[in-house]
Amino acid sequence: MRGLEGSQVQPVNVPDVSIVVAVYNTMPYLTECLASLAQQTIGLDRLEIIAVDDGSTDGSGDELDRWAQLHPGTFKVLHQANSGGPASPSNRALAIATGRYVFFIGADDYLGPEAMQRLVTAADDLDADIVLGRMVGAGGRFVSQAVYKAGNRDSITLADSALPWALSNTKLFRRSLIEENGLRYPEELRSCSDQPFTLRAVVAARRIAVRADYDFYYAVKRQDGSNITYGTPVTRLLEDTEVVMSTVADVVTDPENRDRVLRRNFTWEVAKLVGDRFVAADQESRRQVHEGVRKLAGVHLTEEIRSALGVRQRVPISVAQHGTLEDLEAVAESYAEHGLNRLVIESGRFYAALPGFRDPAKNFPDAWFEATLKEASAAAQRDPVVVTSGNGTLRLEWRSALPELGPGASVSIGGEKPRVLTAEPVAGALRIRAEFAVTDLAKSGKKQRVTFRHSAAEPAIKRDLTVDPSTFVTVRHRSGLRFYDVTLRADSKARLTVRVSTFGPRGLAGRLIRKLRPVSGPRQEGRTPA
């Protein structure tokens, strides 16, 4: 059997890929995961699927056995007592893997049908040790796309790409790379155990490639919130983060590359420690996190890394390093309740007025609180726009972290400005209202996004307003014999859009007929009743 052009066919007893699945209580997601593996276009004869049940109690073990019975030549299932994390089952699978390559997949995620065929082809054609296939989020899960933005790349490094932001293990690895370098997962880690493994592989690899022209991997956000990282106590996350960052310091010898990876750690792993989990933690856990982050910052946080952090991460991490536990609690709780709270705009610069900002008793530097134009633009809308209609108008309302609107503020829909634009302070924010006449919007074009602009600084804050994805508001307007439906809804990125459709009396009659037509059941086309 042969896959895409250039892939190499191996003897039947040497699979191209050993796919490793560490499993713990992932039903019903596990079924879709395994089905996606069985449906790979590369063919089951070129795969070895090793699934290790880490003491599941929800039927995941039985589901694995069912798939092993369906495909006895491909699926290998091991059962063990619960180890507390994916490291141990992953290592056990590696010990028996025989494929030329190894691929790791989360048991609640799934693959595109051509994933393995495309990845193996790329690795063989390029003689690459590691290949990253485009990963996308599913079920509302965020996945950074930075490493894929440049498209397909035949060779990347930590220095010339966003690879420091893509250190999960969900990649194709040459198995000889793993074995020759003795790579295994640190089993003392409950979370983040894939980062030390992947980082060591990245440093040892001769060539790392990216393929961004296909959705290879779908990372699923479980609706029960039980992905292992989400359920790990904050103090355990702290311990794991300490190990991860120590590994970075030991493994990455180039100072610039090391700082790039550490910046990622502070932006993601450390910032999580002082975010919502910190707010939800008990007092003793908060104390431990404050002390732990203070030490991590003292060892690893250079001023260059600090200045490169976003204001959302820079403020609590800096306060943890140089302030008291009470200072950190004030910042974390304020952000959890109010976001960036309010912005101070001075001489074209933006500052987040979080607790401690310009407090003479604290003497925290203004630079900690400075926000970029992008961050200020995001803070111009703190929550989704609320859309209402009535009396020939459409009304938009949202809260903002801006201090005031000022004369340079505007909202536009296809060039149309609101008849009314007001703002009032409320609960530490600015409540903004914009009211448009439907008659104006009917002339604004077929599809437009709603844009907010604030020119208190240069360049001006400008952003497309976003709305709850379920929003759908339609207002009908008549002008002579023409009718207009003005519809406000969210696009694929939750941006508020206005669509105008025009029709005459005949079109209106057709719409009314379709609306009044009784529904007798699903329409069957192309079939003759028996």
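**Entry 1**

I looked up Phe103 and left aside its neighbours within four places in sequence; Phe103 is in contact with Val17, Ser18, Ile19, Val20, Leu111, Met116, Leu119, Thr170, Lys171, Leu172 and Tyr217. I note that this is a predicted model.

Next I asked which residues of the largest nonpolar core touch the most other members. The core has 153 residues, and the answer is Ile19, Val21, Phe103 and Met116. Helix 4 (residues 115-126) gives the most to this core, with 7 residues.

**Entry 1: Strand 2**

I checked whether strand 2 (residues 47-54) is covered or open. It is mostly covered, with 8 of its 8 residues buried. I then sorted the residues of strand 2 by direction. Leu47, Ile49, Ala51 and Asp53 point one way. Glu48, Ile50, Val52 and Asp54 point the other way. All of them are buried.

I moved on to the partners of strand 2. Strand 1 (residues 17-23) pairs with strand 2 in the parallel sense, over 7 bridges.

Strand 2, helix 2 (residues 60-70) and strand 3 make a right-handed β-α-β unit.

**Entry 2: Helix 2**

Which residues of helix 2 are buried? I found Ser60, Gly61, Glu63, Leu64, Trp67 and Ala68. They lie on the same side of helix 2, because they cover an arc of only 160° around the axis. I recalled the general rule: an α-helix has 3.6 residues a turn, so residues three or four places apart point the same way.

On the other side of helix 2, I found Asp62 and Gln69 exposed. I also asked what covers the buried residues of helix 2. The cover includes strand 1, helix 1, strand 2 and strand 3.

**Entry 3: Gln40**

I looked for Gln40 and found it in the loop between helix 1 and strand 2. Is Gln40 buried or exposed? Its relative accessibility is 5%. Buried means under 20%, so Gln40 counts as buried.

I listed what Gln40 touches, not counting residues up to four places away in sequence. The list is Leu47, Leu111, Gly112, Pro113, Glu114, Ala115 and Met116.

The order is 11-12-13, and the pairing is antiparallel. Strand 11 (343-346) and strand 13 (370-371) stand at the edges. Each has a single partner strand, so one side of each is left without a neighbour in the sheet.

I counted 4 bridges between strand 11 and strand 12 (residues 349-352), which run antiparallel. Val344 has Tyr351 as its bridge partner in strand 12.

I found an open sheet of 4 strands, in the order 14-15-18-17, with antiparallel pairing. Strand 14 (386-390) and strand 17 are the edge strands, and each pairs on one side only. I noted an average twist of 20° from one strand to the next.

Strand 15 (residues 393-400) and strand 18 run antiparallel, joined by 8 bridges. Trp398 stands opposite Ile432 in strand 18.

Strand 17 (residues 420-426) and strand 18 (residues 429-437) pair in the antiparallel sense over 7 bridges. Val420 has Glu435 as its bridge partner in strand 18. I then looked at the hairpin of strand 17 and strand 18. It has 2 residues between the strands, and Ala427 takes a positive phi near 50°.

**Entry 4: Arg489**

My last stop was Arg489, in strand 22 (residues 482-490). Arg489 counts as partly exposed, because its relative accessibility is 40%. Thr471 is 18 residues apart from Arg489 along the chain, yet their C-alpha atoms are separated by 5.3 Å. Leaving aside neighbours within four places in sequence, I found Arg489 in contact with Val467, Thr471, Phe472, Arg495, Leu496 and Thr497.

Methods:
Residues are numbered from 1 along each chain as its sequence is written. This is a predicted model: local features need pLDDT of at least 70, side-chain atom pairs count only at pLDDT 80 or more; totals for chains, interfaces and linings use all residues. Side-chain values use heavy atoms; hydrogens and water are left out. Buried means under 20% relative accessible area, exposed over 50%, partly exposed in between (1.4 Å probe, protein chains only). Two strands pair if DSSP finds at least two bridges between them. A crossover is right-handed if, with the strands pointing away from the viewer, the path from the first strand over the helix to the second runs clockwise. The arc is that of the directions from the helix axis to the C-beta atoms. Contact means heavy atoms within 4.5 Å. A nonpolar core is a set of buried Ala, Val, Leu, Ile, Met, Phe, Trp, Tyr and Cys residues joined through side-chain atoms within 4.5 Å. Axes are lines fitted to C-alpha atoms, for helices over the stretch in contact, and angles run from 0 to 180 degrees between N-to-C directions.
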